[in-house]
Amino acid sequence: MTGTASARYSFGGDDHVFVELDGEMSLTANFKAMAITQALEERRLDGVIDICPANASYQIRFDPLVLPPTDLVELLKQIESDVGDATDIQLDTSIVEVPVLYNDPWTHETLMRFRTHHQTPDSTDLEYAAEINGYTSVDSFVEAHSGSPWFTSMVGFVAGLPFLFQMVPRERQLQVPKYPRPRTDTPKQAIGYGGCFTAIYSVRGAGGYQLFGITPAPIYDPTQQHPDFEDFMVFFKPGTIAKLEPIDRAAYDRIVEQVEARAFRFKQRPVRFSLGEFLNDPDAYNAGLLEVLRGS
Amino acid sequence: MSHEIRSPIPGVFYRRPAPDQDPYVVIGSRIEEDTQVALVEVMKNFHPVVAGVVGVIASIEVEDGGMVGPGDVLMTVDEAPGEGAVP
Amino acid sequence: MGVRVLKPGMSTTIQDRGRYGYYSVGIPPSGSLDQFSSFAANLLVGNPDEAAVLECTYLGPQLLFEAPCVVAVTGADLPPLVNRVPRPLWESFEVSEGDVLSFDYLTAGARAYIAFSGGIDVPEVLGSRSTYTLGSMGGINGRVLAEGDWIALGPVDGSRVGRAVPEALRPTHPYQREIRVMMGLFDHRLTATGRETFLGTDWRLTPVADRTGFRYQGAELEFKDRTPPFGAGSDPSNIVDAPYPIGSIQVPSGIEPIVLHRDAVSGGGYCMVATVIGADMDDVGQSPPNITTRFVEVDLETALQARRDREARFARLREELA
């Protein structure tokens, strides 16, 4: 979990500033992106259109005739230096339990249909991921994938799709390459894995991440009919902490019934995240987070 | 009477539903108004081209897999004077 | 008051100026790809700037009017017909109850805009009526028009017939385009040769181009060798998934550059090497398949001047049609 690289500023045309905080992924870089974009948000500057924190970078879309580009970059550099390494900054967020049916029939059907796009035509995505990460069985791989919580390091690609980065030291990070040739189809709410990120596909569509399972819980609801979506159609926000909870088929079916009755709600609790405290002792900190989720 | 079948849209012209299948029509094929004669692929979708006329395919003006523009002639048709009039 | 869709055209959607402030959760701006033309269409029929119009791609729809209306068609050269009689482009005209608006073959450009006096009355979603099909949002149930759809129109407030956009203010649709870009983002990953190839190739637009992205073919770009940073992925064109600017040009595996447009995917793991300047995004939107395009490098000052010139064109048109 290093994060000492200096930021790189670049214009994306005349109306975007793109800032790469680190070429590598780390929770430190991500938290810095979150802290800087939040500080910018609070200034409510005229001319700022979109503020997008991302994994190890962030991007601002702005009107350069209202806010001169060089002024904006100067301000961002000022904020970057104020934020520093971000370890003393607290983030008010929530921890949420996401039920996951690993090795489910629907993503299985999809991944078998696109076997010729995959690295290993003769095994499943989970078997491949387990093997290249040195796990002796799919079960022990799933245990690692679902054991420690995940930090939402970016929301995007398509509406409401969270990129999740696991809250474990670098040497315990799971890494799996994407499909060499992307699929043209992925079921909605599939749990995918690419590079060092878990993604939950918010809508059905193309995708290149390895398919591990599926969640019965909607995470994007443009018509806002489900209880968790009364305020906004997107569930995950940058900074949301997720615990992936393995469930069996019976539990999956029960939740589907609740979803269909518009009665399903995620189990979630508010939590204040501190990067500094987490970095001190990740496992103890995570145990505390899970305590919050389970408790009271 | 000769009639021209034109592509309504730009895209890639295909004469067959799939590479390993027979073409929709060949020169000499008898067609009805609603006969599908080709596909044009654009924006990741395949759009059927229908004859719009009764007759016999007289020529095919574009190579299979070639690019076409809106209004380009794809095929010409010798129009039949009417149902049953052609032996 | 409204319009019945007899034939939907190929990919006709309801669009307006776009939806802003939600890119951080993956919801792109959407809106008319050629903003100048849709602005002109609204002005011609006397609509406010924020009114929603139809964007027709390559093939026009067939529409039945169930009440009198003032209509204008702008953008691509997609000649309008009322009851099969030609009507002018870039000029407002009246249609009566029972009239059918249809279109001849597209002759240049890619997207035509149809404005109706009163504007299209669909609910706003997050501040816009624009259709974003990937997210099933806006327009009519978040999708392209379908046969039988009913397009409700808003109340008319001072519509006008016979107004025309002066020739000098109409965009042209050349078959060879120069699109101005600012290099940057991850262009340092290209070798000097790769950079020269990018700026020196006559790129050809592929038929897969749509509102999300315009994919071109023509050459392969050379990337520098590197040890992949943690989380980036092994291909030389991979990066740790990052936000994608609207207009940014990514080059997956070094082949087929993709210009993201207003229905952009908001982020991902492919390295971007340049971004189309704001003033030239309308021209990208008016590019049909097979068109050749050169990406021409400009600096920030030039891009800003182009933006000011473009704003001046909007202002001039507003004065002309006042």
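Trainee: What is the volume of the largest cavity?

Mentor: The largest cavity has about 50 Å³ of volume. Keep in mind that this is a predicted model.

Trainee: Why is that space called a cavity?

Mentor: The name applies because a 1.4 Å probe fits there but cannot get out. The search of the whole structure finds four cavities of 30 Å³ or more.

Trainee: Which residues line the largest cavity?

Mentor: Residues from chains A and C do, including A:Cys52, A:Pro53, A:Met154, A:Val155, C:Tyr23 and C:Pro243. Two elements of chain A, β3 (48-53) and β6 (150-155), each give two or more residues to this lining.

Trainee: What about the second largest cavity?

Mentor: The second largest cavity holds about 40 Å³ of space. Its lining includes A:Asp104, A:His108, A:Asp125 and A:Phe212. The elements giving two or more residues to that lining are α3 (105-113), α4 (125-132) and β10 (210-214) of chain A, and α3(A) gives the most, with three residues.

Trainee: Why does the lining of the second largest cavity have two charged residues?

Mentor: A:Asp104 and A:Asp125 are in the lining, and both are charged because Asp belongs to that class. The other classes in this lining are four nonpolar and four polar residues.

Trainee: Now to chains B and C. How much area do they bury between them?

Mentor: About 1,200 Å², with 78% of it on carbon and sulfur atoms. On the chain B side, B:Met43, B:Lys44 and B:Met67 lose the most area to chain C, together 45% of what that side buries. The contact takes 15 residues from chain B and 14 residues from chain C.

Trainee: Why is the pair C:Asp210 and B:Lys44 called a salt bridge?

Mentor: The closest N and O atoms of the pair are 3.4 Å apart. The rule asks for a Lys or Arg side-chain nitrogen within 4 Å of an Asp or Glu carboxyl oxygen, so the pair qualifies. The count between chain B and chain C is one salt bridge.

Trainee: Which classes make up the side of chain B that touches chain C?

Mentor: That side has eight nonpolar, four polar and three charged residues.

Definitions and conventions
Residues are numbered from 1 along each chain as its sequence is written. Chains are lettered from A and ligands numbered from 1 in the order in which they are written. This is a predicted model: local features need pLDDT of at least 70, side-chain atom pairs count only at pLDDT 80 or more; totals for chains, interfaces and linings use all residues. Side-chain values use heavy atoms; hydrogens and water are left out. Contact means heavy atoms within 4.5 Å. Buried area is the accessible area (1.4 Å probe) that two parts lose on being put together, summed over both. On a 1 Å grid over the protein atoms alone, a cavity is a set of points where a 1.4 Å probe fits but cannot get out, and a pocket is an open set with protein on both sides within 12 Å along at least five of seven lines; lining residues have an atom within 4 Å of a point. Grid points are joined across faces, edges and corners, and a volume is the space filled by probe spheres set on the points. Helices (H or I, at least four residues) and strands (E, at least two) are DSSP runs, numbered from the N terminus.
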